[in-house]
Structure formats: structure tokens, C-alpha cells
Amino acid sequence: MVNDIYYVCALIEYVARKQKCYPDAVVKQAGLRTIEHFFEFADVYHCQSFEESGDEFIEYAGGIKKGQRDLSQYEKVPAEISVALTYTSLIKDIATKRSPLELPKPMDGISREQIPEIIYRVMTNSFIVRQIENYHSDFYYSGSSYVLACYKEGKVLD
């Protein structure tokens with residue numbers, strides 16, 4: 001299940017970059033139904049390139065408007081799959097109801113049906129998305145416990 005979360009997060013990140021916008025804009029435009037579909041069939045979409053799956057994602061969503069996000073302002077931009085790991089860890093932590101002070105928990109007992117809603121909630125949270133996507137800061141490189149604590153508080157913690 002974690003691999004499917006990771007795939008959907010990486011696909012969203014890919015589409016966001018392709019459409020020159022932030023992932024929260026992609027997810028808001030795509031809607032929960034699109035997230036549910038791509039999560040349900042992640043094992044099938046894994047077999048395709050991101051380019052092909054990204055085009056299908058945009059089509060399934062009824063289109064994703066192009067934005068004006070410019071990644072050239074950053075000296076180094078992590079790969080989509082690297083950024084997806086940060087989102088995946090956060091989603092897994094929320095699904096397992098982990099507190100920032102606990103070690104990561106296994107996903108045993110978590111229903112697959114719950115996951116798309118959590119993906120949607122996390123990736124439409126403009127605060128956390130902007131923090132993760134700001135490659136001038138060190139937030140993206142922070143540990144999962146810190147990212148979880150900031151998400152829960154709704155602000156960057158000292």
C-alpha cells in the first residue's frame with residue numbers, strides 16, 4: 001500500500017511540474033475522485049511512464065490548468081520521486097495516527113479506502129505543500145517527525 005501512496009504522490013508532483021503549478025492546485029482541480037481512481041489502479045499505472053500516466057491523470061481530471069510556477073529560481077530541484085517520499089511519509093504518519101514523538105508505525109489495519117482521502121487532505125493543504133516545495137528552505141530535507149508536527153500545528157515550528 002505504501003508503494004501505491006508513493007506512486008500517486010510522485011504522479012501528482014510530476015503533473016504539477018508539467019503544468020507549472022503546485023501540487024495542491026493539481027489535487028484541488030483533479031478532485032478526490034481522480035485521486036481514488038489513480039490510487040485504486042496504481043499497480044496498473046506503475047507499468048506506464050510518468051508522461052503517459054500524467055497525460056491520463058490530466059484527462060481523467062477533466063484538465064489541469066497551467067500555472068506560472070518557475071522552478072528555474074532554484075539552484076537544485078529534487079526529482080519528483082524524491083519529493084514524493086516526503087509526502088508519502090507524512091500521509092503514512094497521518095494514516096497510522098503517529099505522534100511526532102513516536103517511531104514510525106506499520107500500516108497494518110489501515111483500510112485502503114481511507115488512503116485517498118488522506119492523500120487529498122495532505123496535498124490540498126497549501127501551507128504544508130508550500131513548505132515542502134520551497135527548495136530555498138531546509139523544510140523539504142527535515143525529518144518526518146518534524147514535518148508531521150508542523151502539519152498538525154499548521155505552522156513551521158522553531
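User: What is helix 5 to helix 6 in orientation?
Analyst: In this predicted model, helix 5 and helix 6 are oblique to each other. They pack at an angle of about 120°, with their axes 10 Å apart. An angle of about 120° counts as oblique because the range for roughly perpendicular is 65 to 115 degrees.

User: And what is the handedness of that crossing?
Analyst: Helix 5 and helix 6 cross in a right-handed sense.

User: Which residues meet there?
Analyst: From helix 5, Tyr87, Leu90, Ile91, Ile94 and Ala95 take part. Their partners in helix 6 are Ile115, Ile118, Ile119, Arg121, Val122 and Met123.

User: Switching to helix 2: where does it bend?
Analyst: Helix 2 bends at Gly31, by about 100°. The end C-alpha atoms of helix 2 (residues 23-40) are only 19 Å apart, whereas a straight helix of 18 residues would span 26 Å.

User: Is Gly31 buried or exposed?
Analyst: Gly31 is buried. Other buried residues of helix 2 include Val27, Ala30 and Thr34.

User: What covers the buried residues of helix 2?
Analyst: The cover includes helix 1 (2-18), helix 3 (42-45), helix 4 (50-60), helix 5 (80-95), helix 6 (115-123) and helix 7 (126-133).

User: At what angle do helix 2 and helix 4 cross?
Analyst: The angle is roughly 105°, and the axes come within 9 Å. Helix 2 is therefore roughly perpendicular to helix 4. Helix 2 contributes Val26, Ala30, Arg33, Thr34, Ile35, His37 and Phe38 to the contact, and helix 4 contributes Ser53, Glu56, Phe57 and Tyr60.

Notes:
Residues numbered from 1 in each chain as written. Predicted model: local features only at pLDDT ≥ 70, side-chain atom pairs only at ≥ 80, totals over all residues. Heavy atoms only, no water. Helix = DSSP H or I, 4+ residues; strand = E, 2+ residues; numbered from the N terminus. Expected span 1.5 Å × (residues − 1). Bend = angle between axes of the 7 residues up to and from the residue. Buried < 20%, exposed > 50% of the residue type's maximum accessible area, 1.4 Å probe, protein only. Contact = heavy atoms within 4.5 Å. Axes fitted to C-alpha atoms, helices over the stretch in contact; angles between N-to-C directions. Parallel < 35°, antiparallel > 145°, perpendicular 65-115°, else oblique. Left-handed = near helix turned anticlockwise from the far one by under 90°.
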